[in-house]
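Welcome, and thank you for opening your viewer. We will go stop by stop, and at each one you will hear what to select and what to look for.

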Amino acid sequence: MSRLSSTDTGAAAATEEPTAEDILRRNLLETFTAELGDAVVGSEILRRDLWIRVRPDAWKRAAQVARSLDFDYFCFLSGLDWLPHTWPNPKVEAMASPSGADEDDPAALPADDPEPEAAAEPVADGLRTGVAGGDTRFQVFARLYSVTRRSGVTFKADLDEDDPRVETWSDVYAGADWHERETWEMYGFRFDGHPNLIKLYLPGEFEGFPMRKDFPLLAREVKPWPGLVDVEPMPEGPSGPLSGSEQPAGNGAAAEETEEAGPERPPEREAQG
Amino acid sequence: MAVTEHQRLSYIASQAADARLNVELQTEEMTINLGPQHPATHGTLRLVARLDGEQVVSADVICGYMHRGYEKLTEVRTFPQVTTLINRIDWLSSFANEVPFILAAEDLMEIEAPPRAQYIRTILFELSRIANVSLFIGEMGVQLGALTPVFFAFRDREYVLNLIEAATGGRFHPNYDRIGGVKDDLPKGWIAETRATMDRLRGYCDELEDLLMGNEIFEARTRGVGVIPAAVGLNYGLSGANIRASGIDWDLRRDEWSPLAWKDLDWKVWTHPDGDSFARYWVRLQETREATRMVDQMLDGLPAGPIQAKVPRIIKVPAGESWVHTENPLGEMGYYVVSQGGLGPFRCKIRPASFNNISIVPWLLKGVYVPDIITILASLYFILGDIDK
């Protein structure tokens, strides 16, 4: 039994100041910037996390640099399509602003956005890209983690809309193999140098790239989403089930969603155990 | 029926092999299909193995028979509706699937659930772990021909599922976690019941340890079988008990910031240096026992107070991106949530643990013997819903 090891958590779990972690991330970012040079086109440190956006031609070098910096754990790789999101269900959209407040446009940012830096400037063709920015419709992004440093980094790279391609990571991180296959079939990104870029989930004859925003969700095309099916019209009068709580005016039935959590619950039903 | 020349030669060859004459045999490769329906695959995983005699030359995993497209579906749901879907990713520990997504949404909204809700979440998270992994502990035996452990597993897991049902209303799909808190408070008498069950589950772990550890057949079939070196495992993105069994001392419950209650508890991260099937089994067994102790501690320290923070009636999540990962029973599970300020996620990348855990299979099965395929697959412990999403 002497070979079996275990580690006490008490000391290791000592909470670090978030600022100290941010300093670590800043140092890490500096190291990456020094290694990758002008290939780094955007970066951000937000909420215990680090994002680095690199030029697509430096995508593989980013992985190699990360590997040399002890980022030994491959977490995931996937794609992003920044084409504006369209709600397929007008009922849900109506639910968004039951009081007719100035929130009609779900794409518009609220004025008091708590993370102003999180929402980048809209780029030329109306795409609104996320953390660390973006110039094109497609982005490939991947996350790596360092078990020794106990911190992770998310890499992003902009891809050409007509010919989204990037070099494969599968010979740097073996785990990227399946993730690249999935990203290829779902988004149509090509990974140059991938040994076996075949469909992973979808049947071989499937056409199109289903995770792209312009690929319709076929189930919804065939049969529109019923929306709020289980909402019954509220009975009139004070004896209704909603008596006592606020009855939304106007489209009250639509606003009363069963999933929704009430503002505050009675503290507890049970005495301390 | 006439004996063909080939059959005659192969008979002579086998005779020669039996006589241990050290003859180099000319063998033909054979392709066998494992699955899609096979008890060891927990769903519909198909494995195409090319064999040379008794040895695997190459093994390909074919998945997707159960792909449900959750990443696409989350884009047409509102944030509170998403938990219903993601519940079904790893269906043996559904509640644990809900937690990282809700935490990601809370992270973007910059709200935090009250302490009591965090404790209830953590308790149910650990109960999910116990329900999930205790099944593995028994099931690993049945893959090796020992029938008794699996009956014990189903018997004792039921007590945990009853607890989850009592608290959440659902045995398998609780849909209990809410942005800003949890749906309900714990029912009356639940705490005492849970204490008794945790005691029972510790007994179950001891029982299984007695039954399997030290059993000659079990050890012979698992020791030194399916060895994953730590560096290879990390490279493939193995997480959870699979990587801890290779000696990597890494547990997100301890090593990552989390609003959940793990930081208040006194517990151990179990590791094993061997990296073989036995080590994976051993680590999971210890973790289950550790989880029962964690639940006990949380029941002792369960704070009073509200279970739901103030959230708007219509939940809109501010624009931003958040990655939250937790140590789920099967390994690291995370959600990369992109919101553009709407009612639902703009993009939700689901990173299930089993996807990476099973992507090592083609590498791992190379050169192993046929009977070990099942042991190795079982010891990696995956749920198909967790691969296919």
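This is a predicted model: local features need pLDDT of at least 70, side-chain atom pairs count only at pLDDT 80 or more; totals for chains, interfaces and linings use all residues.

A word on confidence before we start: pLDDT is the predictor's confidence in each residue, from 0 to 100. In chain B the average is 85, and 94% of the residues score at least 70. Chain A has a mean of 69, with 59% of its residues reaching 70 or more. For the complex, the predictor gives an ipTM of 0.83 and a pTM of 0.78.

**Stop 1: the stretches to treat with care**

Select residues 96-124 of chain A, where the pLDDT is below 50. The model still gives this stretch 46 contacts beyond near neighbours in sequence. Next select residues 239-273 of chain A, where pLDDT also stays under 50. Here the model has 61 contacts beyond four places in sequence.

**Stop 2: chain B as a whole**

Along its principal axes, the C-alpha trace spans about 80 × 45 × 40 Å. Of the 389 residues of chain B, 58% count as buried. Among contacts in chain B with a separation of 6 or more, 71% are between residues 24 or more positions apart.

**Stop 3: the largest nonpolar core**

Bring chain A back and select A:Ile52, A:Val54, A:Leu144, B:Ala105, B:Leu124 and B:Leu127. These have the most contacts inside the largest nonpolar core, which has 163 residues. Which helix gives this core its largest share? Select residues 115-143 of chain B: this is helix α5, and it supplies 14 residues.

**Stop 4**

Select residues 370-380 of chain B, helix α15. Of its 11 residues, 8 are buried, so the helix is largely enclosed by the rest of the structure. Among the buried ones are B:Asp372, B:Ile373, B:Ile376 and B:Leu380. Go one step past the helix and you reach B:Tyr381, whose phi is positive, near 55 degrees.

Now pick B:Glu158, in helix α6 (residues 148-168) of chain B. Is B:Glu158 buried or partly exposed? Around B:Glu158 there are 14 other C-beta atoms within 10 Å, so this residue is partly exposed.

**Stop 5: chain A and its hairpin**

Switch to chain A, which has 6 helices and 8 strands. Along the sequence they follow the pattern β-α-β-β-α-β-α-β-β-β-α-β-α-α. Of the 273 residues of chain A, 33% count as buried.

Select residues 40-46 and 49-54 of chain A. These are strands β2 and β3, which run antiparallel and are joined by 6 bridges. They form a hairpin with 2 residues between them, and A:Arg47 in the turn has a positive phi of about 35 degrees. Look across the pair and you will see A:Val40 opposite A:Val54. A:Val54 also belongs to the group with the most contacts inside the core from Stop 3. Its contacts include A:Leu36, A:Trp59, A:Phe155 and A:Ala157.

**Stop 6: an enclosed helix**

Select residues 176-187 of chain A, helix α4. At 1.5 Å a residue, its 12 residues should span 16 Å; the end C-alpha atoms are 15 Å apart, which agrees. How many of its residues are buried? The count is 12 of the 12, so α4 of chain A is largely enclosed by the rest of the structure. Its buried residues pack against β4 (73-81), β5 (138-146) and β8 (190-192) of chain A, together with α13 (353-359) of chain B. Just after the helix, A:Gly188 takes a positive phi of about 80 degrees.

**Stop 7: two loop residues**

Finish with A:Asp70, in the loop between α2 (59-68) and β4 of chain A. Its phi is near 75 degrees, a positive value in a residue other than glycine. With 12 C-beta neighbours inside 10 Å, A:Asp70 counts as exposed. Then select A:Arg150, in the loop between β5 and β6 (151-159) of chain A. A:Arg150 has a positive phi of about 55 degrees although it is not a glycine. With 16 C-beta neighbours inside 10 Å, A:Arg150 counts as partly exposed.

Conventions:
Residues are numbered from 1 along each chain as its sequence is written. Chains are lettered from A and ligands numbered from 1 in the order in which they are written. A nonpolar core is a set of buried Ala, Val, Leu, Ile, Met, Phe, Trp, Tyr and Cys residues joined through C-beta atoms within 7 Å. A residue is buried if 20 or more other C-beta atoms lie within 10 Å of its own, exposed if 12 or fewer, and partly exposed in between; C-beta atoms are placed from the backbone. Helices (H or I, at least four residues) and strands (E, at least two) are DSSP runs, numbered from the N terminus. Two residues are in contact if their C-beta atoms, placed from the backbone, lie within 7 Å. The expected span of a helix is 1.5 Å times one less than its number of residues. Two strands pair if DSSP finds at least two bridges between them.
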